[in-house]
Amino acid sequence: MPKWNMRNLHLLVTFKAILERGSIVAAGQDLGITQSATSKHLAQLRDWLGDPLFVRTPNGMQPTPFAQNMVTRVDRILRDADALMTAEPSVPAEFSGTFALSATDEILQRLLEPLANKLAADAPKVRLNCHPLVPDYSAPALERGDVDLVVAVNWHSPTHLKQRRVFSDQFVCVVREDNPLANRSITPQEFAAAPHLLVAPMGHRDGQVDHALRRLNLQRRVTTSIPHFSLLAPGLFARDTIVTLPSKVAEQLAEGAPLVVLPAPLKLDPVDYFALWHERFDKDPKLRWFRREVAAILCR
């Protein structure tokens, strides 16, 4: 349709009203406009389409053959226009394509099994793609739509990303059962003096623990740094090694192993995990459903 016709599309609503009511007066009442405005719309329609469209008869305004031939196309145009303003229904069983999720491995370990089961039950046509977390929080990939959702500790995510806190955790320490510090409270000085095992998913050399130590004029000695929580194993712990972890990771690591979980000897803020996504996809019903399901699982 030529661009100069686009401004006339609203007149099709008047066309449909006159067709259904057989009266200019009744059509105007349905549309909430005056009889004069309805008549003006009809005049514009006639000029635009080059046909009388409706003729006054004893039985009201009756459509011309040209107008009758328009009905199916007008109905389709109005339905399509209405669909533009109506959110797509969130029917997971009808979803298709992929959900792309980026997170650190400790999040994926908690999330994957229940999320895969949820998708299999409610959205079986969707494929789940998992990506490792990268230092820029996958911001360009979120903007492109290559990644739909990031779940991570929000140390320094780009401010233009939408975000929602999904759960909080606390830092704790893990040591071997035979560590001399295992059965008593640790002082900040003892904590700093011990050799440390560091898990750095995005490659950072220091973080909240180091900042807290510096406030006490202390510094820890990291002997080993690894990129993934899944690489943690009891065999990595020397007798005097300490690792500082979110409590959920620590409890899973220590379960059935000769390890002890201890309170951290420093004043540390909670570990807040956020879901992050790009504002381009904020209203997408499919992705809104996905974000809700991910949050529901991680909040358990």
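Rings of Phe, Tyr and Trp pair if their centres lie within 6.5 Å, with the six-membered ring used for Trp. The views below show a predicted model.

**View 1. A cluster of aromatic rings formed by F95, F99, W289 and F290.** Ring pairs link these four residues. A search of the whole structure finds five aromatic pairs.

**View 2. The aromatic pair of F15 and F54.** A pair of aromatic rings is described by the distance of the centres and the angle of the planes. For F15 and F54 the centres are 5.4 Å apart and the planes make an angle of 45 degrees, and the pair is tilted. F15 belongs to helix α1 (residues 11–21) and F54 to strand β1 (residues 54–57), so the pair ties together parts that are 39 residues apart in sequence. F15 and F54 are both buried.

**View 3. A patch of positive charge on the surface.** The residues gathered in this patch are K162, K283, R288 and R292. R288 sits in helix α10, which covers residues 285–298. R288 has a relative accessibility of 39% and therefore counts as partly exposed, a class that lies between the limits of 20% for buried and 50% for exposed.

**View 4. S102 and V150.** S102 is part of strand β3, which covers residues 97–103. The relative accessibility of S102 is 0%, so S102 counts as buried. Along the chain, S102 and V150 are 48 residues apart, while 4.7 Å separates their C-alpha atoms.

Key:
Residues are numbered from 1 along each chain as its sequence is written. This is a predicted model: local features need pLDDT of at least 70, side-chain atom pairs count only at pLDDT 80 or more; totals for chains, interfaces and linings use all residues. Side-chain values use heavy atoms; hydrogens and water are left out. Patches are made of residues with over 30% relative accessible area and no salt bridge: like charges are joined within 9 Å, nonpolar side chains (Val, Leu, Ile, Met, Phe, Trp, Tyr) within 5 Å. Accessible areas come from the Shrake-Rupley method with a 1.4 Å probe; for residues, only the protein chains shown count as cover. A salt bridge is a side-chain nitrogen of Lys or Arg within 4 Å of a carboxyl oxygen of Asp or Glu. Lys and Arg count as positive and Asp and Glu as negative; His and the chain ends are not counted. The place of a charge is taken as NZ of Lys, CZ of Arg, CG of Asp or CD of Glu. Helices (H or I, at least four residues) and strands (E, at least two) are DSSP runs, numbered from the N terminus. Buried means under 20% relative accessible area, exposed over 50%, partly exposed in between (1.4 Å probe, protein chains only). Rings of Phe, Tyr and Trp (its six-membered ring) pair if their centres lie within 6.5 Å; planes under 30 degrees apart count as stacked, over 60 as edge-to-face and the rest as tilted.
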